[in-house]
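This briefing is meant to be read alongside the sequence and the coordinates.

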There are 2 protein chains.
Amino acid sequence: MQLENSILDKLQRLGLNQYEAKAYSSLLKIGTANAYKISKESGIPRARIYDVMETLTDRGLAMVEESNENAKIYTPVPSKVFLEKTRKEWENDFDDVTNALRELETEANKQEIYVFTVKGKQNIVSYCRQLLKEANQYVMVSMWDQMYELLLPELKECQNRGCKILGVGHNIRNPIADMEMHHDGKYHDMPEKLHWFIVSADGSKLLYGYSAETDRDAFYTEDASHIYLLEDYILHDMVVSRLVSDKENEEKLTSMMKEILENIKE
Amino acid sequence: MQLENSILDKLQRLGLNQYEAKAYSSLLKIGTANAYKISKESGIPRARIYDVMETLTDRGLAMVEESNENAKIYTPVPSKVFLEKTRKEWENDFDDVTNALRELETEANKQEIYVFTVKGKQNIVSYCRQLLKEANQYVMVSMWDQMYELLLPELKECQNRGCKILGVGHNIRNPIADMEMHHDGKYHDMPEKLHWFIVSADGSKLLYGYSAETDRDAFYTEDASHIYLLEDYILHDMVVSRLVSDKENEEKLTSMMKEILENIKE
DNA sequence: CTATAGGTACTATTGTAGTGGTAATTAGAA
DNA sequence: TTCTAATTACCACTACAATAGTACCTATAG
């Protein structure tokens, strides 16, 4: 038998070890069995199955029937029972941690340092999401399709809250309202196909870097001049994009910029 | 400095190790700092702080500023970002496991075995809760105050769903409707102060054993005759309880039992 | 004598906690 | 000015505990 690895891994992330995960999932599959059978089914060494089953019972994942003197029969505790218990415990821990960290966290003594490095694809995306969640007034973005799709739920949620979203999207099929489009990158090809993204929230917090597909770092800043610079970059990009499609001249450019800027400040 | 142990433990249950937990919580507290300072604040050995901070950054809990050649300055990623990321990952795993286990679980080949043993206080309580959650028609219980309080939310929820609850409570201050009361145990003292509990759901699943305060096993059964026996035991208890308070005679006893039973089947 | 059944008691591996020692830079005290 | 102590950064270990995996043993039913 070969249970899918992914399940075992995930059971382990819920707190079981490899043998426990194997034993429990096998037991669920076969219903009721003695230790020997569970060992065969799960691939757990025969020599180990007895102590593993004992810890499984202690952990509340299996029930025993001690019928004949030295012959124990095991039945799985229904997955619902196990899952509900696990969820409750986890949510308790999570809530406690949430409160404890909130108390510790002091915005006050963060030093005035310009740019911090955020490492790792998942970490970068998580940080972007949080920025979007916390945005009140407006969000300015510039990103390619891949990043856009990762952040789409949060962008929409942001918009529904009445938070303005504007910026440029590159190669995006269905951009949300107020988002300019650079379609095929004719006028705006990045060197070496490196796709930048910028997410700026309320002009006070900004994350920028290479899109999540590459494994490069991203940068976080609350520094006003950095933010000004990058928001300005997006603004320019937006107006260029409009000019290109409207075939109009340079005079209109400045007035458009003003218009956009006033729209932000309302 | 001495951060409360509980927070560190719980952070570890969310996937960090001791050093990571110490480093992150200390970093949140002090805001921005170099590795040395974090080491002093957190109690992590100086010799280890550098690799710990590296993994912290990789895990997305800290941001670095690599200003001067060999002087890195760290700032905590806001707890919200960390917590949201952790929750998302956990919920993903949890949902996957839920589905995977549900698929594996086959009620079919559970053998007809009479009584299974459930070990461990927490496991017993969890199982009771699940029984109450799954009950549709009626629940019959007999329990003492301590167990009652542990199960009170689920009992109430059960009742709100329109599921009948009846039985006896021992030493319980505010029993919910349809629950008889044995107040001070004058007429019903358990030997050796051992407090039994019984939770029977829809006459098809039943868990009984010593109350959670002792560390004894509980027993689970789906066997009809076991369930009949124990439900009958509760019924007798109920009528005796009523008789005692009403000071009436034995003839009424049988008619009361009938009344109760008809009430169940409706 | 082979498959089933139930073990004891190890070894190996890995992740983590904790220590010893090195070396460079900086801030004050002699 | 020179010496010293504190601060900072780092390598390379040891120690320990949890987990994974192995060697070997007995007993019984067919």
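The points below are grouped by topic and describe a predicted model.

**Chain A as a whole**

- Nine helices and 10 strands make up the secondary structure of chain A.
- Chain A has 266 residues, of which 36% count as buried.
- Among the contacts in chain A with a separation of 6 or more, 52% are between residues 24 or more positions apart.

**How the two copies are related**

**The contact between chain A and chain B**

- Chain A gives 58 residues to the contact, and chain B gives 58 residues.
- On the side of chain B that touches chain A, the helices that each supply at least two residues are α1 (5–13), α2 (18–30), α4 (46–58), α5 (79–104) and α6 (121–134).
- The strands of chain B that each supply at least two residues to this side are β2 (62–66), β3 (72–76) and β4 (115–118).
- With 17 residues, α5(B) provides the largest share of the side of chain B that touches chain A.
- By class, the residues on that side of chain B are 24 nonpolar, 17 polar and 17 charged.

**The surface near DNA strand C**

- DNA strand C is surrounded by 17 residues.
- The closest to DNA strand C are A:Y36 and A:A47 from chain A, and B:Q18, B:P45 and B:A47 from chain B.
- Elements that each supply at least two residues of this surface are α3 (35–42) and α4 (46–58) of chain A, together with α2 and α4 of chain B.
- The largest share of the surface near DNA strand C, four residues, belongs to α4(A).
- Eight nonpolar, four polar and five charged residues form the surface near DNA strand C.

**The surface near DNA strand D**

- Around DNA strand D there are 16 residues, and the closest are A:N17, A:Q18, A:P45, A:A47 and B:A47.
- Two or more residues of this surface come from each of α2 (18–30) and α4 of chain A and from each of α3 (35–42) and α4 of chain B.
- The surface near DNA strand D divides into eight nonpolar, four polar and four charged residues.

**Strand β5 in chain A**

- Strand β5 of chain A covers residues 138–144; seven of the seven are buried, so β5(A) is largely enclosed by the rest of the structure.
- One side of β5(A) carries A:Y138, A:M140, A:S142 and A:W144, the other carries A:V139, A:V141 and A:M143, and both faces are covered.
- β5(A) runs parallel to strand β6 (residues 164–170) of chain A, joined by seven bridges.
- Within this pairing, A:W144 is placed opposite A:H170 in β6(A).
- Helix α7 (residues 145–160) of chain A carries the chain from β5(A) to β6(A) in a right-handed β-α-β crossover.
- β5(A) also pairs with strand β8 (residues 196–201) of chain A, antiparallel and over four bridges.
- A:V141 has A:V199 as its bridge partner in β8(A).

**Strand β5 in chain B**

- In chain B, seven of the seven residues of strand β5 (residues 138–144) are buried, so this strand is largely enclosed by the rest of the structure.
- The buried residues of β5(B) are B:Y138, B:M140, B:S142 and B:W144 on one side, and B:V139, B:V141 and B:M143 on the other.
- Seven bridges in the parallel sense pair β5(B) with strand β6 (residues 164–170) of chain B, where B:W144 faces B:H170.
- A right-handed β-α-β unit is made by β5(B), helix α7 (residues 145–160) of chain B and β6(B).
- Strand β8 (residues 196–201) of chain B pairs with β5(B) in the antiparallel sense over four bridges, with B:V141 opposite B:V199.

**Residue B:M181**

- B:M181 is part of strand β7 (residues 179–182) of chain B.
- B:M181 counts as partly exposed because it has 15 C-beta neighbours inside 10 Å.
- Leaving aside residues up to four places away in sequence, B:M181 touches B:G169, B:I172, B:P175 and B:S241.
- B:E262 is 81 residues from B:M181 along the chain, and their C-alpha atoms are separated by 21 Å.

Definitions and conventions:
Residues are numbered from 1 along each chain as its sequence is written. Chains are lettered from A and ligands numbered from 1 in the order in which they are written. This is a predicted model: local features need pLDDT of at least 70, side-chain atom pairs count only at pLDDT 80 or more; totals for chains, interfaces and linings use all residues. Two residues are in contact if their C-beta atoms, placed from the backbone, lie within 7 Å. Ala, Val, Leu, Ile, Met, Phe, Trp, Tyr, Cys and Pro count as nonpolar, Asp, Glu, Lys and Arg as charged, and the others, Gly among them, as polar. A residue is buried if 20 or more other C-beta atoms lie within 10 Å of its own, exposed if 12 or fewer, and partly exposed in between; C-beta atoms are placed from the backbone. Two strands pair if DSSP finds at least two bridges between them. A crossover is right-handed if, with the strands pointing away from the viewer, the path from the first strand over the helix to the second runs clockwise. A residue is near a molecule or strand if its C-beta atom, placed from the backbone, lies within 6 Å of it.
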